[in-house]
Amino acid sequence: MHNISLFIGRFQPLHIGHFIVLKQIADNSKLLKIGIGSSQLSHTHDNPLSADERKEMLELVLRKQDITNAQIYFIPDINDDERWVDHIQKIVGKFEVVHSGNDWVVRLFREKNIPVEVIHEIDPYEATKVRNAICRDHTIEQHVPPVVFDYLKRIGAITRIKNVCCG
């Protein structure tokens, strides 16, 4: 059991793989800090959803699963590997372990001697695959939690993802 864990993702959109990882970390931590990466970006090919939309998706999933030990933070990019970990720490405060499946994130935290638990991708769940499925007019219901699917439909995000990502 960890006291404070950190998990950073872009959640473009939040998919079942994210959900599984968030649930596992929350179950094994007193406090889960969730960072929404690239929070300043929206309506772009890789980041079609806004930070507020991603936060709302996270809140819906956390509430649906009765995860009450989580806090959400916006983490804008600074494009400076040397300062990035310090940037994260200034935003989220203290934590004892980072959970990540991103090689770049793992490397940067390990370079600062911060413990990292490596997450392995849960196939077939990947946000790029979800966006690509939308581009091919395939259903995404099997890739995202039902509450996320309903939310994406309600805010018109599926159409926006198609317009922004499928050029």
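This is a tutorial dialogue on reading features of a predicted model.

User: Before we start, what do I need to know about the numbering and the confidence limits?

Analyst: Residues are numbered from 1 along each chain as its sequence is written, and side-chain values use heavy atoms, with hydrogens and water left out. Since the model is predicted, local features need pLDDT of at least 70 and side-chain atom pairs count only at pLDDT 80 or more, while totals for chains, interfaces and linings use all residues.

User: Let's take a helix. Which residues of helix 6 are buried?

Analyst: First the general idea: an α-helix has 3.6 residues a turn, so residues three or four places apart point the same way. Helices here are DSSP runs of H or I with at least four residues, strands are runs of E with at least two, and both are numbered from the N terminus. Buried means under 20% relative accessible area, exposed over 50%, and partly exposed in between, using a 1.4 Å probe and protein chains only. In helix 6, residues 146-154, the buried ones are Val148, Phe149, Tyr151 and Leu152. Seen down the axis, these buried residues fall within an arc of 165°, so they line one face of helix 6. That arc is taken from the directions from the helix axis to the C-beta atoms.

User: And which exposed residues sit on the face turned away, and what covers the buried ones?

Analyst: Pro146 and Arg154 are the exposed residues on the face turned away from the buried side. The cover over the buried residues includes helix 2 (51-64) and helix 7 (157-165), where contact means heavy atoms within 4.5 Å.

User: How do I read a nonpolar core, and which residues touch the most other members of the largest one?

Analyst: In soluble globular proteins, nonpolar side chains tend to be buried together. A nonpolar core is a set of buried Ala, Val, Leu, Ile, Met, Phe, Trp, Tyr and Cys residues joined through side-chain atoms within 4.5 Å. The largest core has 31 residues, and Phe7, Phe11, Leu14, Leu22 and Ile140 touch the most other members. Two or more residues come from each of helix 1 (16-27), strand 2 (29-37), helix 2, helix 5 (127-135), helix 6 and helix 7. Another core of 16 residues lies apart from it, with Ile8, Ile75, Val85 and Val98 among them.

User: Could you zoom in on leucine 14: what is it in contact with?

Analyst: Leaving aside neighbours within four places in sequence, leucine 14 contacts Leu22, Met57, Leu58, Val61, Val144, Pro145 and Val148. Val148 is also one of the buried residues of helix 6.

User: Now the backbone. Where are the positive phi values and the cis peptide bond?

Analyst: Most residues other than glycine have a negative phi, and most peptide bonds are trans. Aspartate 66, with a positive phi of about 55°, is not a glycine, and its place is in the loop between helix 2 and strand 3 (70-75). Aspartate 137 is not a glycine either, yet has a positive phi of about 60°; this residue lies in the loop between helix 5 and helix 6. Aspartate 66 counts as exposed at 61% relative accessibility, and aspartate 137 counts as exposed at 59%. Glycine 156, which follows helix 6, has a positive phi near 75°. The cis bond runs from glutamine 12 to proline 13, with omega near 0°, and proline 13 lies in the loop between strand 1 (2-9) and helix 1.

User: How many disulfides does a search of the whole structure find?

Analyst: A disulfide is a pair of cysteine sulfur atoms within 2.5 Å. The search finds 1: cysteine 135 and cysteine 166, with sulfur atoms 1.9 Å apart. Their link is left-handed, with -90° about the S-S bond. It joins distant parts of the chain, from cysteine 135 in helix 5 to cysteine 166 in the segment after helix 7, 31 residues apart. Cysteine 135 is partly exposed at 23% relative accessibility, and cysteine 166 is partly exposed at 29%.

User: Is cysteine 165 buried or exposed, and how far away is the nearest cysteine sulfur?

Analyst: Cysteine 165 is buried, with a relative accessible area of 9%. Cysteine 165 is in no disulfide, and the nearest cysteine sulfur, that of cysteine 135, is 5.8 Å away.
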